[in-house]
Amino acid sequence: MTVRVLNGFAEKMSQPPGITPEEVPGTPDYANEKVFRRNTLPPRSYYIPKSALSLNGQWGFCYSPNPLAASSIDNDSEWTPIQVPGHWQLQGHGHPHYTNVQYPIPVCPPLPPSQNPTGTYRRTFYIPQTWDKDDQLRLRFDGVDSAYHVWVNGTLVGYAQGSRNAAEFDISRFVNRDDINRIEVRVYQWSDGSYIEDQDQWWLSGIFRDVHIIPLPSDTRLDDWFLRTDLDADYKHATLKAAVDVVASSKATVKVVLKESTGYGGKILSTTTQEVDKDGKIELDVSVSNPTKWTAETPSLYNVDLSISTKEKTHTISQLIGFRKVELKRGLICVNGRPIMFRGVNRHDHHPLHGRAVPVEFIERDLKLMKAHNVNALRCSHYPSHPRLFEIADRLGLWVIDEADLECHGFYDAVARPLDIPEEVDYEKRKKLAFGLAAKYTSDNPSWKAAYVDRMTQMIHRDKNHPSIIIWSLGNEAFYGQNHRAMYEYAKKVDPGRLVHYEGDPKAETADMYSYMYPSIERLKKLVETEGVNEDGAYSKPVVLCEYAHAMGNGPGWLEDYQELFRKYTRLQGGFIWEWANHGLRVKKPNGQEFYAYGGDFGDVPNDGTFVMDGLVNSVHNPTPGLTELKKVIQPVGLAVDGDKLVISNWYDFVDLSHLTATWKLESFGTRSASVASSGVLNIPTILPGEIAEVALPEAVTKAKDRHEYLYLTVSFREVLDRKEVAWIQHQVASAKSPTSLSLLPVLAHSSSIPIKEIGTETIIVGNGFHFVFDRATGYLTRWKAGAGGSEMLLEADPTTGAAILPSFWRPPTDNDQPSSVPYWKRFGVNALTSQLRSIDFSSESDGGLKVTSRTFLSPPVLDWGYHATMTYLISPGGTLTVKVTLKPSGYKPDHLPRVGLNLRLVKSLHTVKWLGLGPGESYPDKQAAQRMGLWNLPVGANGTDTPYDVPQENGNRMGTKWVTVKDSHGRGLRAVASAEEGWSTNAKREFSFGASRHSTKTIEEASHPCDLKEEDATLLRLDADVAGVGTAACGPGVREDLLVRTEEIKFGFVLEGFVFDAAQGY
């Protein structure tokens, strides 16, 4: 036998012939849009038998700059180990590259770049001796990015592309069943398929999903199966429709056994058989009497055992199914006859270490986290997810939109940039100018039709047996053309029992719903009321938001506004937040510091920067405040207090509230402590889905209304089984007059006279237990000491401004501020205001105190606008400091600002914050629903008052504050409360906001990653009369008009007091 060495493998010349290197001579397979599968088996339902041989693990790998170099590897030293599944860019070869829309390669479809990095994988394997010698052997790849050729024992056996789709090759003829076998896979980073895989994520290459060799009986087997369910007109009784593709070389019996799932005893409910004697498709109908229906709220599964048997052998598979019926009914998406509401999220496959090579346990953690936060739906963005995800969704209960591996958004830039279409132009206008031209590349190009339909084919056949999947999607942001129509027609022909989605079809010609991305509230109202609506108000298709509320960084805002519309308009059946997770990849610096990288961090050019960090969970998939907010806003139980009644709305679609238990507590909040006045359990009547009921509030609550203290009622609904909180409400029952003085606190001893002396430009005010210093050149307080002899520093001068207390309007920009607000604010110099002293006066008060009045003009260089600021400092004989602020704008001023308030620089030893207000997390005007009134206690900075966003930005604001203290470990500190009501204008929020951090605004603004943040040698406290909302302007509407901070006259003030520890008071 002649043996030659090829690419490091011994090739036996007696091997059967494989395929040619190129289907079209002279054109590489990876550069031919008409070639996407060669010698692959027909797609089938995902099923990996226990007997399968996993080829996951360590392979040999050789990285080459182009395919030509890869074809001539002849040196074993060029090979290094690599893990499969995995991406080569995350294992030391090349680098990750992030783009959102734009292609990182020249736009020359179908041609990829000639310098096309190529990874060659190799490994050996043995066929288990327990396998039948006649078995058909299938080599299965569940995901390879982006295209690949496969050799077995030196013979080229096939080619495939479609990165997130599976491919199987029959390698039976090419393997040695009694000796070592060798497999080689040559993976091309770029292919013609890359042009339709431009999906707003990292460009990562390699074998990133499972690889198996699967043995199947050669002459009698189940090749594929499609188990559909139908319900009768009353949605009670069901029919299981089994379509089974069989291979039968002789007489055999096909059996369908329906059983309860193992968790319910596994009882056999029915058995149906049919005789076959040849290959083909058979169909069997099984009648089922009133099965428990599958929904996202009641994910009841049944087991189906399918088998084909001869006298000699039996081939069996098991498939979990759910009985449910999906249809458009009265113009609405209905399951089992009832309309549903999507409380959904978009989810990419992502892991901070492994990219899209996501372990199944990590996927399950994601989905359980979704369920724990009231999410009931997910859209696979923008490709079929890991095949095991759907098993988990079936079991946990989630509505799923499964989306074809298709997006070619980058053609927009290829068209729009030469046309010089600004991004600020209205989205609908940009679509008219560019989308039709962009579609001509692939979506409306008949040469690409087969490739498009293949992506639909692969998805449907892999995932068709999962009850959680109720909608197929034709892809994402691929414009619209004849090839989408072909995909739709294929889907409806093969699987008429599911609906079809595609946002890019604006008139829903080949979609079962109108789908939109990021519309404003006003535009969404108009679309729901007019698009596809007849003159009589009738409509045949619903509206969904496939993407909304862009969850980038500190956001999203607007959640309550969207949810209100979802509940108002029956036709508007909810939506899917963009998106579930940040895509940060963990990077370790030489100094040991770690961060989660985004576009540009790997030298990847061009890139779209931080736009890949736009999730409800961070890069390690822990919840951000955005997810906490979403959970509250979308809670499936509506709660309101009306007089002495609790009004309960059941917003579930299928279940009553018997799976929940309701508890209540009445809390009293004082100036020092909190206590539970009373508590108990509420008896909740049966409330069917969509119904509303009223329950009498406990007598302890109704009798407490006249008490003069802060009393809050909290009602919580929790799961009976796992005690997970599902819904809650907090309602103020009684109120106390807001304190304007903290005189009840233990304060430092004082005398009745306040001496003043001047040294240089400083005016020093000293009393018994306090020491204030003002700079007469700037008009600002620069130091405040307390304690015996003024020994304890409380406030100190900021090294940049020279002030210990300073009016401020700037905050570190959020991701949502960046697109439009930041350029606007900076155009007006809001970030660069200077202070010019106009006057400063010192005068005595009748009570023995002292008044300092400072007038300054706060304005930026170059411009003429500014604030005339009057700050009045009232120092009481006991050392209490009241700061009153009046701000009057003048000149050509901006319309709105980030915030209005005071910056205070406290000494670093004051490191713990205690407050009465909303908490424990951050809150903003359009992102506060998830926070509760309470008495909270946190350390300043990391793991406390700071919110650790993957991309540093504005964070940690707390709203609705009645008072706040900042203290040291010995109980000494500073306490702030709003000054008297007459000192606050109506546009100022007397229940103020505060923030406490170790990071300056400048530090946060300039930091690229959390590891870049340098702590100040101080505690930085913000006390704000007003703060702007966060909005979703990174991709969507900005801050709601009434939640902007207007540039107008405003008055506010605070009472500040130093205190010492008093164990009886709890400080």
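**Exercise 1. Determine how the lining of the largest pocket divides into nonpolar, polar and charged residues, and which residues and elements contribute to this lining.**

Step 1. The lining of the largest pocket contains 16 nonpolar, 12 polar and 15 charged residues. Here Ala, Val, Leu, Ile, Met, Phe, Trp, Tyr, Cys and Pro count as nonpolar, Asp, Glu, Lys and Arg as charged, and the others, Gly among them, as polar.

Step 2. The model is predicted: local features need pLDDT of at least 70, side-chain atom pairs count only at pLDDT 80 or more, and totals for chains, interfaces and linings use all residues. Residues are numbered from 1 along each chain as its sequence is written, and side-chain values use heavy atoms, with hydrogens and water left out.

Step 3. On a 1 Å grid over the protein atoms alone, a pocket is an open set of points with protein on both sides within 12 Å along at least five of seven lines, a cavity is a set where a 1.4 Å probe fits but cannot get out, and lining residues have an atom within 4 Å of a point. Grid points are joined across faces, edges and corners, and a volume is the space filled by probe spheres set on the points.

Step 4. The largest pocket holds about 1,500 Å³ of space. Its lining has 43 residues, and those nearest the centre are E423, R430, A1034, C1035 and G1036.

Step 5. Two or more lining residues come from each of α4 (410-419) and α5 (427-439); α5 gives the most, with 4 residues. Helices (H or I, at least four residues) and strands (E, at least two) are DSSP runs, numbered from the N terminus.

**Exercise 2. Describe the second largest pocket and identify the element with the largest share of its lining.**

Step 1. This pocket contains about 1,200 Å³ of space. Among its 47 lining residues, T801, S808, N903, T1001 and K1002 lie nearest the centre.

Step 2. The largest share of the lining, 5 residues, belongs to α13. By class, the lining has 20 nonpolar, 18 polar and 9 charged residues.

**Exercise 3. State how many cavities of 30 Å³ or more there are, and characterise the lining of the largest cavity.**

Step 1. The count is 9 cavities of 30 Å³ or more. The largest cavity has a volume of about 120 Å³.

Step 2. Of its 14 lining residues, P43, R44, R140, A166 and Q458 are the closest to the centre. Both β13 (167-170) and α6 (449-463) give two or more residues to this lining, and the largest share, 3 residues, comes from α6.

Step 3. The lining of the largest cavity has 7 nonpolar, 2 polar and 5 charged residues.

**Exercise 4. Explain why the aromatic pair of W59 and Y121 ties together parts that are apart in sequence.**

Step 1. Rings of Phe, Tyr and Trp (its six-membered ring) pair if their centres lie within 6.5 Å; planes under 30 degrees apart count as stacked, over 60 as edge-to-face and the rest as tilted. The structure holds 39 aromatic pairs.

Step 2. W59 and Y121 form an edge-to-face pair, at 6.2 Å centre to centre and with 85 degrees between the planes. W59 belongs to strand β5 (residues 57-64) and Y121 to strand β8 (residues 118-125), so the pair ties together parts 62 residues apart in sequence.

Step 3. Both W59 and Y121 are buried, where buried means under 20% relative accessible area, exposed over 50%, and partly exposed in between (1.4 Å probe, protein chains only). Ring pairs link W59, F61, Y63, W88 and Y121 into a cluster.
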